[in-house]
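Take a look at the structure below. Then read on, one chain at a time.

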Amino acid sequence: MSIDELALILVRGLGQGAIYALIGMSFNIVVNSSGILNFANGALLVLAGVLAYFILPATPDWTIWILAAVGIAACLFVFVSLQGVLTLFPLKSSVEQHSWLITTMAISVILSAGIHLYGGSLAFRVPSILPPVSVFGLSTPSAYFLLMALAVFWFVVIRWFHQKTFTGLAMSAIAQDLDAAKVAGISVKRIQLVAFGISGLVLATTGFVGAPVINISADTGIGYLLSGFTALVIGGLGSNLGAMVGGALVGVISMFAAYRFGGIYQDTVTMGLLIAVLMLRPEGIFGLAAARKV
Amino acid sequence: MSQDIALDTASTPPAASQRLKLPSSVWLGILAIAASILVPGALGNQYWTYTFTLVTLYIVVAIMQNMLISEAGQMSFGQGAVFGIAAVTAAVMTGLHGQPFWLSAIGGVGAGLVLGALFAAPALRVQGYYLGFVTLSAALVFPQLLIAFDSITGGVNGVPAFVMSLATPVYGSITPLSILAVLFAAFALLFHAVLPHTVLGRRMIIVSNSPEAAQALGIHPGTIRSIAFLIAAFGTAIAGVLYVPLVGFVGPTAFRVDFSIFFFLAVIVGGQGKLLGPIIGVWLLHLVPNVFLADFSHYRLLIYGVVALAVMLAFPDGVVGTLSKWITSRRSGSEKVTVSLHDALRKDDELAASPAPRPEDGAALIEVREARKSFGNAVALGGASLSVKEGTIHGLVGPNGSGKTSMLNTISGFMPLDSGKVELFGRNVTRLAPWRRTRMGVGRTFQTPRIFDRLSIWENVQIGREGFGRAGGENGLAKLGSLAARWRRQDPSLLPHGQRRLLEILRVMESDARVILLDEPAGGLSPEERADLAYLLVYFRDKLGKTILLVEHDLRMVWNVADEITVMETGTVAASGMPEEIKSNPKVRALFTGGGDA
Amino acid sequence: MKLTRRIFAALVATAMGAVAPALAQSDEPIKLGAFVPVTGAGALGEASLVAVELAVKQINEAGGIAGRQVQMTVADYQTDPTIGVGEANRLVHQVGIDMAVGPTYSQVTLAVLPLLSAAQIPSINVSGSSTITPAAGPYSFSMLPNAETQARAMVDNAASQFGAKKVAIFSDNGAQAKTAVAEIQKVLEEKGIELTGIQEYNYNSKDLTPQLLALRSGEPDAILLFTSTGDDTANVLLSRAQLNWDVNISGSYGVSLATQALAAGGPELFKNVIALNYAGFTYCKADGKPQKAIDLVEAVRAYKPGSADRYPMNFLALFYDSVFILKAAVEGNGGDTSGPAVAKWIVENISSFDGVNKGLAASAESHFLVGPEALSVVKPDTIDEYGIQERAGC
């Protein structure tokens with residue numbers, strides 16, 4: 001493998017990995033506060049890309065770009081919060097009841113079907129705000145670098161949020177002990193809805209910033225969902241550091257697999273990695289081992 | 001099953017015979033399935049006969065999935081791959097190699113069982129959604145592998161396979177195959193109805209609810225999980241084999257990952273753990289999009305999504321689950337449920353009259369030496385030693401966090417030691433798995449009682465005998481048998497916390513464990529119940545020769561019943577000896593005066 | 001038997017809220033089944049559905065087939081043979097179709113053909129697997145070139161246009177592509193051309209650089225590229241440009257769908273790229289542009305103004321022509337819609353068919369209507385607003 005090939009696989013792998021890491025973090029926020037895995041995350045990511053397609057002009061314009069980013073983020077914050085209401089409404093316990101599995105998947109199906117009704121299986125192409133960057137003579141879409149920066153940004157912001165804000169602290173409390181949090185007078189439902197909303201913000205910015213390199217069409221959401229979730233399980237469900245590391249691993253390894261073994265075996269190799277990690281460390285790389293059971 | 005019979009003869013009056021009464025929903029389900037295939041079949045409607053025969057095969061897979069989720073507690077998203085590998089194997093054998101169908105069917109089921117066994121392997125290591133994801137991976141990769149190995153599987157263009165003998169109508173459009181499907185589904189449904197009332201079914205429920213409790217009952221969770229996966233694979237593979245003559249063609253895109261997820265969702269939508277759940281779930285999820293919405297191809301997915309969402313909002317426990325909850329809640333005045341030791345042992349037992357001779361210096365049945373265990377910086381055990389003599393009640397006391405429960409866990413095997421040694425019955429068991437120690441004759445209870453709400457109160461006691469593999473027989477509380485008839489119908493979820501604790505104690509007493517470890521058995525009990533408990537402990541020591549290690553905060557009770565007492569402090573033993581000797585120990589005095597409950 | 005079945009079918013249809021047509025036999029409409037994967041198959045399914053809808057609409061407006069109106073029923077088989085067989089059962093036994101077009105997926109076609117054959121229903125599929133023989137479907141014909149035909153053309157083009165001695169194969173992971181790749185490998189072996197690598201991608205994947213990088217390391221003289229949509233063609237060519245690699249590409253008919261790539265990266269993306277296209281969508285300047293193709297594209301645009309631009313028109317034309325072939329056959333038989341009659345007419349008279357695609361042929365041995373001469377080599381960037389391209393060998 002020559003140096004330019006290595007560079008290409010690393011840079012693009014990390015860029016793709018940033019998308020998976022961001023999806024992983026959006027899973028985490030919700031799962032830590034309510035035990036629910038939002039299976040609409042992939043479709044929501046694509047939805048943000050579709051919105052970007054409609055808003056962004058063909059020629060780069062920073063003002064419009066920033067306004068659009070804020071607008072789409074606001075839209076998805078509201079939309080995903082509402083989805084949270086629908087998901088939490090019939091639920092008494094996310095452990096004993098699995099209705100959330102269906103409700104989140106149903107939202108995903110509805111979003112995909114809606115996009116399909118509008119655009120068929122059209123691939124939505126979104127122009128890049130920055131020109132491509134040359135890495136070892138190979139032209140690399142700048143969106144990959146923006147995505148990496150975005151992943152770091154959200155990692156830091158969510159960490160700060162959990163440690164410094166009241167809502168964030170309450171969220172951490174719920175994650176550690178739901179019953180104790182209830183006793184302490186935390187309004188659990190409200191916090192859970194905020195968590196849904198924040199996961200919407202993460203997905204909106206990811207879909208928007210990554211739009212030039214994300215495959216935006218009616219049926220591509222499920223692929224991102226699975227890759228993001230795989231990355232998260234490898235890194236450790238519930239851990240944002242795990243999501244970052246898992247995302248990078250899955251991104252680079254699937255790029256490498258496509259290069260070395262062929263595109264057919266991309267999934268097989270990623271799944272092999274997942275199974276290997278789970279067998280050696282069932283809680284994932286950065287997952288917390290279960291506390292004493294007896 | 002032999003244990004059930006042994007139990008009947010040993011302790012149950014003939015009046016309360018244990019004949020299993022199947023819920024009427026089983027017969028309703030069988031009737032619905034039979035009607036769905038045979039009515040259009042008799043009328044000669046090929047389309048509906050075909051559709052419902054296919055749907056019935058899916059129902060069987062969903063029933064197996066339901067069993068996996070509800071009884072065995074295993075998340076598998078890969079059942080479609082088991083179905084697929086059975087179908088592909090059978091189709092390749094008949095369609096490409098001209099083998100007779102019966103032989104191909106055996107081959108298909110064999111292939112399904114192999115994949116089922118492969119799914120069971122990760123289940124020994126990971127659980128919950130993690131296991132779901134491992135099996136999902138297999139389902140995701142399965143069709144790709146079918147295409148990659150096209151020289152064996154027929155590749156992307158699939159394999160045509162016809163079995164005329166099964167597909168030729170015998171009346172109207174009823175084929176031998178559709179009759180087979182009805183019988184097979186009826187069998188699967190009956191199996192699922194009977195399973196929870198068998199030893200295997202109860203063990204599955206125990207393992208899925210509390211692997212620790214299972215180990216404490218001498219059950220190896222991995223074995224039970226593997227059996228569950230193999231049973232599920234068996235049923236699923238038969239359905240997969242029957243798919244071949246029905247469809248007449250097997251191609252890789254039929255077994256994509258959504259096919260596997262479909263069965264899981266069907267169980268959730270229908271109602272997890274409900275007998276009729278899979279039928280309703282498969283009907284809804286297959287017929288709505290593929291039959292009723294067939295003419296709305298553009299809006300099919302959208303409507304499907306909205307319907308699924310609406311169903312789950314209206315029926316959060318699944319259609320059958322929520323409906324049956326609603327019906328139960330409308331039935332008024334449920335019976336008040338209590339478990340009382342008082343009933344279990346009337347004091348007319350001649351205990352006080354003739355105390356059994358007990359060995360003053362019996363052999364040490366439990367011997368822990370220099371046990372050390374730490375979690376990072378936190379020291380659970382810092383070189384603690386303990387010796388419990390045969391036929392004694394040994395009290396283990398100390399403040400919270402002093403290592404009492406850690407000591408119990410070390411003895412029963414739940415906490416492997418960093419260093420030190422554990423001997424049971426004179427044998428070094430330091431590296432032995434908990435369930436093996438149980439089988440040597442060690443029973444225990446937990447601080448949070450492991451009571452299984454899916455089982456009746458009686459079954460919750462009964463599993464104590466079954467787990468060990470031998471019936472309690474005359475060793476048990478003979479009086480308990482008279483309560484069986486009442487307890488068999490009662491639901492333990494209505495019991496208060498303290499009573500759940502008693503139930504667990506009765507369970508461990510019913511097993512023929514010679515050594516019994518009790519973790520705070522008196523917590524949550526009333527003074528009268530505590531007195532009964534103390535009486536029971538003495539009864540077991542004196543009448544049945546059991547050895548009891550008792551962790552308890554109620555020091556008064558410990559002092560009254562214990563032959564020896566060990567005091568723990570910060571992971572080490574502070575004092576040990578006869579109650580009279582211990583009393584003078586200053587550390588113990590501090591314990592007494594330190595806090596009422598300490 | 002047939003009567004009771006019809007009565008029952010009507011009963012069920014009424015029970016399900018559908019309207020059961022109770023017309024006399026003579027002016028009962030001709031029922032046409034359309035096997036199209038509306039969901040799950042990318043742009044191809046949608047385009048095929050529009051093609052059949054448009055053809056039926058035009059035929060009905062012009063008085064129908066042999067004086068009978070055509071009533072179309074869609075069978076969305078979701079690219080799944082199980083669903084395909086279920087839908088075939090519905091169409092044959094429930095709806096009672098007289099003839100059918102589709103499917104496109106070879107494995108679904110193979111799965112439904114026995115049902116159609118048993119009911120003597122004539123059909124035109126759009127599948128390319130060589131295993132679809134007249135024995136498998138005596139009343140079924142294919143409008144897709146046999147996978148081998150297309151494979152041979154792609155290899156021949158690479159050899160003749162680029163003098164390629166070493167080639168690599170790059171394709172999507174669809175069923176058509178996989179069938180084609182298997183055939184390409186056979187042809188390469190037969191011709192003694194070295195194969196330096198095979199790579200595959202998922203539909204709608206944007207970043208294909210790792211696959212291309214892997215192919216590049218084998219240093220091929222040309223890549224045999226099989227794509228199915230214009231979007232995927234654009235993705236491959238954009239990725240190639242990012243690698244600054246101007247390797248020769250000999251493409252399938254999908255590579256001639258150049259609109260999206262031209263919009264995303266301009267004509268320089270097509271440097272060293274040739275592709276196949278259906279002859280009906282190609283021309284030499286001397287002859288002028290093919291009017292039938294222009295008419296079809298304009299009709300599609302009038303019919304679906306919002307989405308016409310994203311349909312692969314050359315593929316759409318295959319389904320469109322299929323309906324007209326059935327019409328010609330039924331009318332040529334004096335209104336007989338039975339399978340044997342329609343099949344006989346097609347074998348004997350198909351060369352006279354004048355559709356978007358011309359020069360069709362069939363025999364007792366092969367029911368693939370589109371032969372090698374119906375495919376032409378084109379420079380994709382010469383595409384005009386109708387998807388029509390200049391032939392390379394003018």
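## Chain B

In chain B, 75% of the contacts with a separation of 6 or more join residues 24 or more positions apart. Keep in mind that this is a predicted model.

The secondary structure of chain B consists of 26 helices and twelve strands. The chain has 598 residues. Of these, 57% are buried.

Turn now to chain C.

In chain C, 14 residues of domain 1 are in contact with 19 residues of domain 2. On the domain 1 side, the elements of chain C that give two or more residues are helix H2 (43-61), helix H4 (106-118) and helix H11 (313-332). Of the elements on this side, H11(C) gives the most, with three residues. What kinds of residue make up the side of domain 1 of chain C that touches domain 2? Six are nonpolar, seven are polar and one is charged.

## Where chain A meets chain C

Chain A also touches chain C. Here 23 residues of chain A are in contact with 24 residues of chain C. On the chain A side, helix H1 (3-34), strand E2 (138-140) and helix H10 (240-260) of chain A are the elements that give two or more residues.

This side of chain A has ten nonpolar residues, nine polar ones and four charged ones.

Terms used: Residues are numbered from 1 along each chain as its sequence is written. Chains are lettered from A and ligands numbered from 1 in the order in which they are written. This is a predicted model: local features need pLDDT of at least 70, side-chain atom pairs count only at pLDDT 80 or more; totals for chains, interfaces and linings use all residues. Two residues are in contact if their C-beta atoms, placed from the backbone, lie within 7 Å. Helices (H or I, at least four residues) and strands (E, at least two) are DSSP runs, numbered from the N terminus. Ala, Val, Leu, Ile, Met, Phe, Trp, Tyr, Cys and Pro count as nonpolar, Asp, Glu, Lys and Arg as charged, and the others, Gly among them, as polar. A residue is buried if 20 or more other C-beta atoms lie within 10 Å of its own, exposed if 12 or fewer, and partly exposed in between; C-beta atoms are placed from the backbone.
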